[in-house]
Amino acid sequence: MSHIDEIELEQLLDGNLPLVRNLVVRAHLTTCKECQAKLEELRKTNEELRKMAPGLQKLNEADRQSEASTMGVVTQMFSHKAKDSSD
Ligand SMILES: [Zn+2]
């Protein structure tokens, strides 16, 4: 039996592996220490990358905030209009 491709191991970590391949890869992993070690190594590398790039999370937060403030402006505009028309 051939070993699991590194690309497929990464896809497994990302949850992007198609179900059929997922089952094959998992079945192989239960019997193959070599691929288990490889997967563990990839997982650690992914974690390190995430630690090294905390800016990614901050960027998402900034996105959410600007979205929220845009919504706030729109809501204000609407409430002003409602007030004007009721007068
Ligand atoms: Zn293997």
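Predicted model: local features only at pLDDT ≥ 70, side-chain atom pairs only at ≥ 80, totals over all residues.
Leaving aside neighbours within four places in sequence, Leu9 is in contact with Ile4, Lys38, Leu39 and Leu42. In soluble globular proteins, nonpolar side chains tend to be buried together.

Next, select residues 6-14, which are helix 1, and residues 33-52, which are helix 3. Two packed helices are described by the angle between their axes and the distance between the axes. Here the angle is about 60° and the axes are 10 Å apart. An angle between 35 and 65 degrees falls among those that count as oblique, and helix 1 and helix 3 are therefore oblique to each other. Their crossing is right-handed.

Now show the side chains where this pair meets. On helix 1, pick Glu6, Leu9, Glu10 and Leu13; on helix 3, pick Lys38, Leu39, Leu42, Arg43 and Asn46. Coloured by class, the contact of helix 1 with helix 3 shows four nonpolar, one polar and four charged residues.

Move on to Val25, which lies in helix 2, residues 19-31. Is Val25 buried or exposed? Val25 counts as buried because it has 20 C-beta neighbours inside 10 Å, and a residue needs 20 or more to be called buried. Setting aside neighbours within four places in sequence, the contacts of Val25 are Ile4, Glu8, Leu12 and Leu17. For a distance to check in the viewer, pick the C-alpha atoms of Val25 and Glu8: they are separated by 8.0 Å, although the two residues are 17 apart along the chain.

Finally, clear the selections and view the whole protein. There are four helices and zero strands, so the pattern along the sequence reads α-α-α-α. Of the 87 residues, 7% count as buried.

How values were computed:
Residues numbered from 1 in each chain as written. Helix = DSSP H or I, 4+ residues; strand = E, 2+ residues; numbered from the N terminus. Buried ≥ 20, exposed ≤ 12 C-beta atoms within 10 Å, placed from the backbone. Contact = placed C-beta atoms within 7 Å. Axes fitted to C-alpha atoms, helices over the stretch in contact; angles between N-to-C directions. Parallel < 35°, antiparallel > 145°, perpendicular 65-115°, else oblique. Left-handed = near helix turned anticlockwise from the far one by under 90°. Nonpolar A, V, L, I, M, F, W, Y, C, P; charged D, E, K, R; others polar.
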